[in-house]
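Biologist: I have the file open and want to go through it with you. Can we start with confidence and then look at the strands?

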Amino acid sequence: MRFPYPYPRGWTPRVFFQGGRCRPRGESASPTTDDHPLIRVSTGRRDSAMKKTQVFYCFLPYRFFGVVPALFFFLGCNGGPDRQAVQPERLSLRVVAAYPHDPEAFTQGLLWHAGKLYESTGLRGRSTLRRVDLQTGRVEQRVALDGKIFGEGLGLVGKRLFQLTWQSGKVLIWSLDDFSIIGEKPYSGEGWGICFQRGVLYMSDGSDRLQLRDPVTFREEGRVAIRSGGRPLAKLNELECVDGLVYANVWQKDEIVRIDPAVGEVTGIINASNLLTPSERKKADVLNGIAFVPETGRFLITGKLWPKLFEVEIVARGDGL
Ligand SMILES: [Ca+2]
């Protein structure tokens, strides 16, 4: 369906309607995005302006064509028969290898770069940034954060590591090479997990929304609401950006979701239970840590105070754990 009027300048249909409940007919709700137009869906004054414009354009059919065509328009736009919820694909994990992981590491952020693991750990007095050897679990380099700071998610932008510390209201920016501090940026609200791709930092905050932030200013430039099977999905935690998609583990669940941020839909739910043995689970906290290894196409998975880190492949449900 094509709308019989021009869109507001600079807004594509997807962007225009992403913030509301509308989606043009024929627009696929499934993945793939080569860029991120959602960067334009913003908060604050621009968000307010967008809503006003959306109301104006949604009422346009009524003004020109009368009640009946307008009714059909709204049915098609606001939850008509083609506004089907995307049903996520059910997936599982196949463990390729298990490696030692520091059981004292309260893992909050995990990423892979050039053959090494980078990890952010939390808890006051125990928060660190560390570089870890995968095979041995040995911590090759670490920086202890100030005792008052609670480390959170970790993202990489070029040669800069972004470590969230939302309880302190700032993101710490470190040099990838020597862990020297480069700077910090303030932000408000919570910040749990973070990852970077295609010019955008994605940040979870415990809600069902992902914030889109500028990698230079760290300003919030937009938000996208995440739905799974038609319902909001909250408590998104540690993140991993892979090929335009965002993988997130859900707090207090042995579950990883695959999100298409261009449409705000969960396209896959990955069962990540049974990685630890029952005795290992007793001392461990929740699953929290996803890193993608581009060299192998596999993921590395661990959790808070987990004694192991797992190299895994994502497989169809029934073929894995
Ligand atoms: Ca990650």
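Biologist: What is the mean pLDDT of the protein, and what share of its residues reach 70 or more?

Modeller: This is a predicted model. The mean pLDDT of the protein is 82, and 74% of the residues reach 70 or more.

Biologist: Where does pLDDT stay under 50?

Modeller: Residues 1–50 stay under 50, and the model has 76 contacts beyond four places in sequence for them. Residues 74–83 are also below 50, and that stretch has ten contacts in the model beyond near neighbours in sequence.

Biologist: OK, the overall make-up. How many helices and strands?

Modeller: The protein has four helices and 22 strands. Of its 321 residues, 37% count as buried. Take the contacts between residues at least 6 apart in sequence: 53% of those join residues at least 24 apart.

Biologist: Which strands sit in the sheet with β7 and β8, and in what order?

Modeller: The order is β6-β7-β8-β9, an open sheet of four strands with antiparallel pairing. β6 (154–157) and β9 have a single partner strand each, so one side of each is left without a neighbour in the sheet. From one strand to the next the twist averages 25°.

Biologist: How many bridges join β6 to β7?

Modeller: Four, with the two strands antiparallel. L154 has Q163 in β7 as its bridge partner.

Biologist: And β7 to β8, how many there?

Modeller: Six bridges, between residues 160–165 and residues 170–175, again antiparallel. L164 stands opposite V171 in β8. The two strands form a hairpin with four residues between them, and G169 in the turn has a positive phi of about 70°.

Biologist: Next pair along: which residue in β9 is the bridge partner of L172?

Modeller: E184. β8 and β9 (residues 181–186) pair in the antiparallel sense over five bridges. They form a hairpin too, with five residues between them, and F179 in the turn has a positive phi of about 60°.

Biologist: Switching to β2. What is the strand order in its sheet?

Modeller: β2-β3-β4-β5, four strands in an open sheet with antiparallel pairing. At the edges are β2 and β5 (139–144), each with a single partner strand, so one side of each lacks a neighbour in the sheet. The twist here averages 15° from one strand to the next.

Biologist: What joins β2 to β3?

Modeller: Six bridges, with β3 covering residues 116–121 and the pair running antiparallel. One of the bridge partners is L117 in β3, for W112.

Biologist: Where is F106 found?

Modeller: F106 is in the loop between β1 (89–100) and β2 (107–113).

Biologist: Buried or exposed, and why does F106 count that way?

Modeller: F106 counts as buried because it has 21 C-beta neighbours inside 10 Å, and the cut-off for buried is 20 or more.

Biologist: What does F106 touch, leaving out residues up to four places away in sequence?

Modeller: T121, G122, L123, R126, K304 and L305. F106 and S127 are 21 residues apart in sequence, and their C-alpha atoms are 8.0 Å apart.

Biologist: Last topic, the core. Which residues have the most contacts inside the largest nonpolar core?

Modeller: I194, Y202, V246 and A248, in a core of 56 residues.

Biologist: Take V246. What does V246 touch beyond four places in sequence?

Modeller: C195, Y202, L210, L239, C241, I259 and P261. Y202, one of those contacts of V246, is also among the residues with the most contacts inside the core.

Technical notes. Residues numbered from 1 in each chain as written. Predicted model: local features only at pLDDT ≥ 70, side-chain atom pairs only at ≥ 80, totals over all residues. Core = buried A, V, L, I, M, F, W, Y, C linked by C-beta atoms within 7 Å. Buried ≥ 20, exposed ≤ 12 C-beta atoms within 10 Å, placed from the backbone. Contact = placed C-beta atoms within 7 Å. Pairing = 2+ DSSP bridges. Axes fitted to C-alpha atoms, helices over the stretch in contact; angles between N-to-C directions. pLDDT = per-residue confidence, 0-100.
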